[in-house]
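Subject: Structure handover and what was found in it

Dear colleague,

Here is the structure I promised to pass on to you, and below it I describe what was found, going region by region. Please keep the structure open while you read, so that each residue can be looked up as it is named.

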Amino acid sequence: MPGESEKNSILFVVNGLGLGNATRCSAILEYLPATSCSIHVATSANGLRFFEASKQAHYLHALHQTSYGGAKESLNFLHVFAALGAFFFNGLRNSRRLFSILRRTSPDVVITDSNYNLIYYFFPHCQVVSLNNSSEIVRLGKKFSKTALRNAPQFAVEVSDSLFQRFFPHVVISPWPAAAHSRGLRHFCVPPIVRKNFTRPQAFPNALKKILVLYSGSGIGADLHLGLEDSRHLVTIVGRGATGVFDCSDELRLCDVAVITGGFSSISECLACSRPMIIIPIKGHAEQMMNALCIEE
């Protein structure tokens, strides 16, 4: 019954601002045997809508979400600074919520994707797995220092994420498309994690006829499709003004090129389908800039 302590249970704690974190955790759930354990998912915003539709969680728990206030097409210092108070307040509320969930469900493993909370460590029997590529972003920031400085406010978020990974989780899993840079016995760099629908590579296109424009699930970013609709190409737009679009695998496999904002999950799915991509990162978003630079290399 819900609320009772269960054996062999896993709690996913997922940042729900965009869709990338939810789709990545969904990919992991696809590879777990359906009856092997009880699945709890604690998430917010887009993450809640995604897991309500996917039906992968046995129990779904709502968290509070903070967005970068006022950000529409780009991120800057003011957007990040203005959100700090809300981040702190919602962090406290989520800590109380997570404490209650952990006490009731007593999970064996907590998998946290871009959600950083120390409340897990009040439950020493839990093994905490951090799923995030912030350490790879910080590593690239040393190489592309000018880009890191130009996008310093959001890059600082990546630095804080990587520091959390360095000191607190029992295991760190960093998906990354380039060569592995695993560190020690508990930090593993792995290939991109994608849903099974996206793991069927297609032949590389020899002509440009169909264009897929794939917007960020967070709703932040410039209008990528402007001007394309008047071209001679067939243009499919996913994610702008539409709700409930959680699986664009068919559109991705059929397109000749994908225009994306640079979220890591979108890049991962394009790679899995062998689709060429044009990456237009959200202005001021350090992670997306680093993702784009990695793919360009």
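Helix α8 is largely enclosed by the rest of the structure, because 8 of its 9 residues are buried; please bear in mind throughout that this is a predicted model. After α8 comes Ser274, which has a positive phi near 60°, although Ser274 is a residue other than glycine. Ser274 sits in the loop between α8 and β11, the latter covering residues 277–279, and with a relative accessible area of 28% Ser274 is partly exposed.

Ser106, which is not a glycine either, has a positive phi of about 45°, and it belongs to the loop that lies between α3 (77–105) and β4 (109–113). The relative accessible area of Ser106 is 21%, so this residue is partly exposed, given that buried means under 20%.

Two packed helices are described by the angle between their axes and the distance between the axes. Helix α1, residues 20–30, packs with helix α8, residues 264–272, at an angle of about 50°, and their axes are 8 Å apart. The two helices α1 and α8 are therefore oblique to each other. On the α1 side the contact is made by Gly20, Thr23 and Arg24, and on the α8 side by Phe264, Ser265 and Glu269. Sorted by class, this contact of α1 with α8 has 1 nonpolar, 3 polar and 2 charged residues.

From α4 the contact involves Ile137, Leu140 and Gly141, while α9 brings Glu287, Met290, Asn291 and Cys294. By class, the contact of α4 with α9 has 4 nonpolar, 2 polar and 1 charged residues.

Next come the strands. Strands of a sheet pair through backbone hydrogen bonds, either parallel or antiparallel.

Strand β8 (residues 210–214) deserves a look of its own: 4 of its 5 residues are buried, so β8 is largely enclosed by the rest of the structure. Strand β9 (residues 234–238) runs parallel to β8 and is joined to it by 5 bridges, with Leu234 of β9 as the bridge partner of Lys210. Strand β10 (residues 257–260) also pairs with β8 in the parallel sense, over 4 bridges, and here Leu212 stands opposite Ala258 of β10.

Finally, where do the nonpolar residues gather? In soluble globular proteins, nonpolar side chains tend to be buried together. The largest nonpolar core has 17 residues, and those that touch the most other members are Phe198, Leu252, Ala258, Ile260, Cys270, Met277 and Ile279. At least two residues of this core come from each of β8, β10, α8 and β11, and the largest share, 3 residues, is supplied by α8. Leaving aside neighbours within four places in sequence, Ala258 is in contact with Leu212, Leu252, Cys270, Pro276, Met277 and Ile278. Another core, of 16 residues, lies apart from the largest one, and Ile10, Leu19, Leu29 and Ile111 are among its members.

With best wishes

Definitions and conventions:
Residues numbered from 1 in each chain as written. Predicted model: local features only at pLDDT ≥ 70, side-chain atom pairs only at ≥ 80, totals over all residues. Heavy atoms only, no water. Axes fitted to C-alpha atoms, helices over the stretch in contact; angles between N-to-C directions. Parallel < 35°, antiparallel > 145°, perpendicular 65-115°, else oblique. Contact = heavy atoms within 4.5 Å. Nonpolar A, V, L, I, M, F, W, Y, C, P; charged D, E, K, R; others polar. Buried < 20%, exposed > 50% of the residue type's maximum accessible area, 1.4 Å probe, protein only. Pairing = 2+ DSSP bridges. Core = buried A, V, L, I, M, F, W, Y, C linked by side-chain atoms within 4.5 Å.
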